[in-house]
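Please read the following alongside the sequence and the coordinates. The text goes through one ligand site and two parts of one chain.

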Amino acid sequence: MSVLVFAENSEGRFKKAAFEGVAFASAIAGGSVTAVVMGNMDATQVAELGKFGASKVLHYSDASFNAMDAGVFAQVISDAASKVGAQWVIVSNTYTGKAVAPRVAVRLNAAFAPGIIALPEGNTVKRSVFSNKGFADFSLNQSVKVVSLTPNSYSFAEGSGTATVESCSFSPAGNRVTVKEVKKAAGKVPLTEAEVVVSGGRGLKGPENWHLIENLADTLNAATACSKPVSDVHWRPHSEHVGQTGITIKPNLYIACGISGAIQHLAGVSSSKVIVAINTDKEAPFFKAADYGVVGDVFDVLPRLNEAIKAFKNS
Amino acid sequence: MKILVCVSQVPDTTTKITFTPDNKSLNTAGVQFIINPYDELGITKALELNEQTGGGTVTVITVGGADTEPNIRKALAMGADDAVRIDAEPTDAFFVAQQIANYAASQNFDLIFTGRESIDYNGGQVGGMIAELLNLPHVNVITAITVSGNTGSVERDIDGGREVVEVATPFLVSAQKDLCEPRIPNMRGIMTARTKPLQVIAANGSDKRTEVAQFQAPAPKAGVKFIDPNNMDELVSLLHNEAKVL
Ligand SMILES: Cc1cc2nc3c(=O)[nH]c(=O)nc-3n(C[C@H](O)[C@H](O)[C@H](O)COP(=O)(O)OP(=O)(O)OC[C@H]3O[C@@H](n4cnc5c(N)ncnc54)[C@H](O)[C@@H]3O)c2cc1C
Ligand SMILES: Cc1cc2nc3c(=O)[nH]c(=O)nc-3n(C[C@H](O)[C@H](O)[C@H](O)COP(=O)(O)OP(=O)(O)OC[C@H]3O[C@@H](n4cnc5c(N)ncnc54)[C@H](O)[C@@H]3O)c2cc1C
């Protein structure tokens, strides 16, 4: 089966989600796949995709593809999909992927499923719906199928394959979006792709106490997140707000500190693999959604947890 | 500007989600339907943009049955000028996008708003599909927008930050939190909404590309294991040996 995967890079480096997408695509294909890479990138880096199951990479290396324009990216990806006669097109469900994938699906007359969380079974794919309060199996009823994969959904390993890189060019049609200014967020690890997330709620009492969250996040190489009221009062930037009206995340480990566990908050985090809740109130709703609970004061527990993890990492 | 805002109705955020016994549909008994929160932001921002320039119209469009009309009236009460309802059950995102694109194709809108995603099916797909069908540029998950002349300056969320982009009208944007505070209808708005035009149009075609085979409730959690707050070594050991996440 012919499968095409769009491997996203950020400033010339692949994200983990790109490797995950290639490995996932290769599992669907039952063998090697073709990957699309856009924008400036070092050729040896591009060839890295071979280790995850790509035998061929179509590199559209024009510098104008460094900035994301969904309409333009969709034209390039569908051009590549037509070239290889792809029956499945795989995109990561990142901000870029979310903007691009529906347009690719329209261009290819394809059936589309956003944010799937497991390998397809035949024509059926699984994704979470109703803000993580349920799952749905969707059947994709077109001969071409486009899916975006939720990061951290598929476990994969690095292999030893190699990919040939073909340099491609493409002149997009239509009106374009131009990037004027980039404002990078403070956190080092992007929240949507983080494997570990440390999150704080109103129980932290104020922004001056966030070093407790940040120190633990540093030790764990984790991203930081927060509840809605915390970003509403600007203790933390809005980009950290998780939940039904914020970002949905799916890390391996979510540590909720001083967060009550309201249904709207859980909607954004409940598909985390493992949840630890720390709360002074043993009746806090978060304990119903958590795997491990600590009934205690964050001011007391967080420094101790941080020390315990440091000790573990050094052992 | 002539602005179109796409509005979907979704279960209220506090809804406890359950499925019918055949697991084919959502149990709607007792569920209250609201305007998708991101669409309230789109409506509000569209009104604000036109208020700044002192002209233009805001049209809202919904693909849905007659049961969506109370929410359409609410959108009119917020200040939209007129409404269109495409009379069909919205059972597939492409179908929805195609209905809206069909309508918009002949109307020459300067700007189209959708929400970042619906809070029910969470697809985040209708906006991009409409843009592609109409061959328009689109900017997803936007947190600020100004338009001067025919140039839009738009701030969007990207992985690991935000970015300001420029794009010429006509274009489509998807509203994200932070774009504005949703407007609450006042008494006068509610009164005038009753007489504002609401046009009902029959759906055109039935091209459905996906279908829900089955819903599932999330697997119940095994139950929380409590750890002594004075014994964080035990938590670390459980996370390492039992949960295998460290
Ligand atoms: C339409 C709508 C959408 C919403 N969307 C979201 C969303 O996307 N995300 C979101 O997060 N919320 C959302 N909310 C808000 C949500 O309902 C809750 O109000 C919110 O999540 C509560 O935040 P919190 O847990 O930080 O604060 P609180 O509810 O005030 O909880 C603070 C918790 O900290 C504990 N605590 C206090 N002191 C300490 C201490 N020293 N040590 C340890 N624990 C302590 C308390 O016991 C309490 O459980 C939404 C609400 C609505 C109506
Ligand atoms: C009874 C019923 C059965 C369904 N069965 C299926 C099914 O079998 N397969 C399937 O894929 N989906 C099904 N759906 C879901 C429905 O198709 C989705 O609501 C629709 O596909 C939109 O996709 P989304 O929710 O992912 O929207 P998103 O793309 O997340 O929505 C983003 C934005 O698009 C706009 N928008 C979305 N929907 C509408 C609308 N109806 N009118 C106007 N603007 C809109 C809004 O601005 C919204 O904020 C069903 C829904 C219902 C009510």
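Which residue just after α2(B) takes a positive phi? G79(B) does, with a phi of about 135 degrees. The model is predicted, so local features need pLDDT of at least 70 and side-chain atom pairs count only at pLDDT 80 or more, while totals for chains, interfaces and linings use all residues. Residues are numbered from 1 along each chain as its sequence is written, chains are lettered from A and ligands numbered from 1 in the order in which they are written, and side-chain values use heavy atoms, with hydrogens and water left out.

Helix α2 of chain B covers residues 69-78; helices (H or I, at least four residues) and strands (E, at least two) are DSSP runs, numbered from the N terminus. Its buried residues are N71(B), I72(B), A75(B), L76(B), A77(B) and M78(B), where buried means under 20% relative accessible area, exposed over 50% and partly exposed in between, with a 1.4 Å probe and protein chains only. An α-helix has 3.6 residues a turn, so residues three or four places apart point the same way.

Strand β7 of chain B, residues 138-148, has eight of its eleven residues buried, so it is largely enclosed by the rest of the structure. Two strands pair if DSSP finds at least two bridges between them. β7(B) runs parallel to β10(B) (residues 171-175), to which three bridges join it, and I142(B) stands opposite A175(B) there. With β8(B) (residues 151-158) the arrangement is antiparallel, through six bridges, and T146(B) stands opposite S153(B). β7(B) and β8(B) form a hairpin with two residues between them. In that turn, G149(B) has a positive phi of about 60 degrees.

Turning to ligand 1, 27 residues surround it, the closest being K205(A), S227(A), S260(A), Q264(A) and H265(A); a residue is near a molecule if one of its heavy atoms lies within 4 Å of it. The surrounding residues come from chains A and B, so the site is shared between chains. In chain A, α6 (228-232), α7 (263-269) and α9 (298-314) each supply at least two residues of the shell. By class the shell has six nonpolar, 16 polar and five charged residues.

A polar contact is a pair of N or O atoms within 3.5 Å. A polar backbone atom of K228(A) is 3.0 Å from an oxygen atom of ligand 1. Polar side-chain atoms also approach the ligand: one of T245(A) lies 2.8 Å from a nitrogen atom, and one of Q264(A) lies 2.8 Å from an oxygen atom.

Technical notes
Polar contact = N/O pair within 3.5 Å; in protein donor to acceptor, adjacent residues only side chain to side chain. Nonpolar A, V, L, I, M, F, W, Y, C, P; charged D, E, K, R; others polar.
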